[in-house]
Amino acid sequence: MSEPTMIRRTFLGALSGSLLAAPLAAHAQQAGKVWRIAYLGNSSAALESELVAAFRQGLRDLNYVEGRNIVIEYRWAEGQYDRFPGFVAEAIQSKVDIIVTAGTPAILAAKEGTRTIPIVMAVIGDPIAAGVVPSLARPGGNITGSASMTPEIDGKRLELLKELVPRVSRVAVLWNPANPNNAARLKGMQAAAQALRLTLEPVVGAADSQQLDKGFGAIVAARAEALIMESDRALLAQRARIVDFAAKRRLPALYAYREFVEGGGLASYAPSYPAMFRRAASYVDKILKGAKPADLPVEQPAKFDLVINLKTAKALGLTIPPSLLVRADHVIE
């Protein structure tokens, strides 16, 4: 068994064990108290292992130990957003102290389900546009956390794709219409494409596997020269199929998550999501110590990662410009 496989299996075993952990001791700041956190995952324990590990490490750094002074209840949507309202209801029934989740659909479901239990957003696209908070500085209500979107990120991804494939003119877009945050982002991407003299065609909406199959057919029919993907964690759950499709059609693709590149995709540009999930632990700590979510400003990412897979570039017959390699945070050879 390889070392990475052993590490992953060890983590998943620990994760499964934490689901059964029982309160054993008191919290340092409140005698007899064991805090309960509901973690609502968009995909699965395997697909979010790195993110959950970062969140758990952040808690450990702040002296929270699972099974001793904190218990985390994990629920996994497996890319099916309609599960979230039920998850929220279960969390309320369990009388958790905090709900931690990520992504617009999950956070909207949590907001709709409770106005009293604090909700920490590990990551969301644009919480103002989604109607989650009225402002970043003064979120109000029971929700705070981190937002991943900056106005220029989709345009930046298109610029990077143009650098990777200078002669590209027709780019297919893959997005999830079930995510209410994506419609506004798509408009911004269209404007950025015009400035770069790129045509976004076809624009493929895929909320499930069946729609993804139809989308692949539309991309082939339109003879797209490259592919770009909007951020969406349901699509992240389909990453193996998407990367395989791009490889078979020899489509250069720029993704919104580094996991695609680690799985054989060409490149990704995104905030450092593990850093954001680790930061979520700090929000949890502040709230458990008495801070109100309404008074904790929503943060935006300070670090963005460009990841390039040279092996995939070679298979596509692409030569990555040295200037781009120098700017890359991670290069997979």
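Two strands pair if DSSP finds at least two bridges between them. Helices (H or I, at least four residues) and strands (E, at least two) are DSSP runs, numbered from the N terminus. This is a predicted model: local features need pLDDT of at least 70, side-chain atom pairs count only at pLDDT 80 or more, and totals for chains, interfaces and linings use all residues. Residues are numbered from 1 along each chain as its sequence is written, and side-chain values use heavy atoms, with hydrogens and water left out.

Start with the sheet. Strand β3 (residues 98-102) pairs with β4 in the parallel sense, over four bridges. Within this region, Ala102 stands opposite Val123 in β4. Now widen the view. Five strands form an open sheet in the order β2-β1-β3-β4-β5, with parallel pairing. β2 (70-76) and β5 (143-147) stand at the edges with a single partner strand each, so one side of each is left without a neighbour in the sheet. From one strand to the next, the twist averages 15 degrees.

Helices come next. Contact here means heavy atoms within 4.5 Å. Axes are lines fitted to C-alpha atoms, for helices over the stretch in contact, and angles run from 0 to 180 degrees between N-to-C directions. Helix α3 (residues 84-93) packs on the sheet and touches β1 (35-41), β2 and β3. Its direction makes about 175 degrees with that of β1. α4 also packs on the sheet, touching β3, β4 and β5. The direction of α4 makes about 165 degrees with that of β4.

Turn to the cavity. On a 1 Å grid over the protein atoms alone, a cavity is a set of points where a 1.4 Å probe fits but cannot get out; lining residues have an atom within 4 Å of a point. Grid points are joined across faces, edges and corners, and a volume is the space filled by probe spheres set on the points. The count comes to one cavity of 30 Å³ or more. The largest cavity has a volume of about 150 Å³. Its lining has 18 residues, and the closest to its centre are Gly103, Gly125, Asn179, Ser231 and Tyr257. α4 (104-113), β4 (119-124) and α6 (182-195) each give two or more residues to this lining.

Last, look at Met229. Met229 lies in strand β8 (residues 226-229). At 1% relative accessibility, Met229 counts as buried (under 20% relative accessible area, with a 1.4 Å probe and protein chains only). Beyond its neighbours within four places in sequence, Met229 is in contact with residues including Leu174, Leu254 and Phe260. Met229 and Asn176 are 53 residues apart in sequence, yet 9.4 Å apart in space, C-alpha to C-alpha.

Definitions and conventions:
On a 1 Å grid over the protein atoms alone, a cavity is a set of points where a 1.4 Å probe fits but cannot get out, and a pocket is an open set with protein on both sides within 12 Å along at least five of seven lines; lining residues have an atom within 4 Å of a point. Buried means under 20% relative accessible area, exposed over 50%, partly exposed in between (1.4 Å probe, protein chains only).
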